[in-house]
Amino acid sequence: MPAHAEVAAGGTDAGPADAASGGLPLVAGLPVTFAPLVRKVVPAVVNIAVTRDMDPSSNRHLHVLPDVKGTPLERKFRERLRRHGEELLGAGSGFIIDPSGVIVTNNHVVGDANNITVSLANGHELPARVLGSDDLTDIAVIKVESLTPLPFVRWGDSRRVQVGDWIMAAGNPFGLGSSVTAGIVSARGRDIGASPFDDFLQLDAPINPGNSGGPTFSMSGEVIAINTAIVSPTGGSVGIGFSIPSEIVIPVVEALRTQGHIDRGWLGVTLEDEDGQDGSRVVDLDKGGPAQKGGVRKGDFVTTVGSERVENARTLIRAVAAAKPGTVLPLTVRRKTATIVLQVPIGVRPADDGQNNDGDDQ
């Protein structure tokens, strides 16, 4: 594996190709093989194990993740944990975005871990520390130290992704180690009730427990989403997986790696959508909150925020959350028969705001 592998948009070194496929060879518009793409990007995909040290004198049984319990991997996990005197608390995936060892994953993969071990594609294992994490978007940034530059991947623009586009997912399903699957984008803008910021890409590429935190690649080898959740009555893939688009991930990652946390904008309103209408109605105001101070009234119907058209409450929530606290944001509201532009100061979103996941509070 090269000491410094860089993934950029463009072709591969494999045979006849179409530009729209990122250089992959095509037959009748379909990729003949994903192998060139795998060779370029998988070296930057990592496996993550979260453990804690065990007291050898204790009689506590080794904890085995539900993801591997009852599978052929259970024996392997038990033997490895006994050998290292550790108890496994979690496992997942991640990907390197900087050759210095900065890694992106899901917050639920690392949680409040004190021991994080990252396994590179070449088999080397490195300890990692958390640079920052965010519960609301389920994003975390961790860091490993390496004597040589590590392979890394680049971000792509998820706003350009269309339903029907080919994608490839990579990760660590069921603790098996590096693995890839392929499919298409099935839908955009999915809300699964995980947080007020839900805006998932739905994929039909098989994603299983252990894939969490792994990347979704475009055919040009850019990361356009993070694999995060599945819908499954069996616990395994049924072809419905969800990934966080890069347009949401990138600013969160930058804040976490530089500040260790993220400050989100806040208005202090409760919103309600109306069927068949773009925009969202203010049904309640926090007393003394930013919206009340900016002149927003109960019953106002918000149609634009800044220069962005408000489609629904979630559009408004995301736009305000992305605004820097302390700035002034123009809101266009419809009040009875009048249209009014209000200059509203943006506050800091309280830490527990939106944790009930109803998505209506901003």
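Okay, quick definition before we start: when I say strand, I mean a DSSP run of E, at least two residues long, and strands are numbered from the N terminus. Also, keep in mind that this is a predicted model.

So, let's begin with Ile 96. You'll find Ile 96 in strand S4, which covers residues 86-98. Is Ile 96 buried or exposed? Buried counts as under 20% relative accessible area, and Ile 96 comes in at 0%, so it's buried.

And what is around it? Setting aside neighbours within four places in sequence, the contacts of Ile 96 include Ala 44, Val 46, Val 102, Ile 103, Leu 120 and Phe 152. Take Leu 120: it's 24 residues from Ile 96 in sequence, and the two C-alphas are 9.7 Å apart in space.

Now over to strand S8, residues 139-144. Six of its six residues are buried, so to speak a mostly covered strand. Which residues point which way? Ile 139, Val 141 and Lys 143 go one way from S8, while Ala 140, Ile 142 and Val 144 go the other, and all are buried.

Who does S8 pair with? Strand S5, residues 102-105, pairs with S8 in the antiparallel sense over four bridges, and there Thr 105 sits opposite Ala 140. Strand S7, residues 125-134, is also antiparallel to S8, over six bridges, with Arg 129 opposite Lys 143.

Methods
Residues are numbered from 1 along each chain as its sequence is written. This is a predicted model: local features need pLDDT of at least 70, side-chain atom pairs count only at pLDDT 80 or more; totals for chains, interfaces and linings use all residues. Side-chain values use heavy atoms; hydrogens and water are left out. Buried means under 20% relative accessible area, exposed over 50%, partly exposed in between (1.4 Å probe, protein chains only). Two strands pair if DSSP finds at least two bridges between them. Contact means heavy atoms within 4.5 Å.
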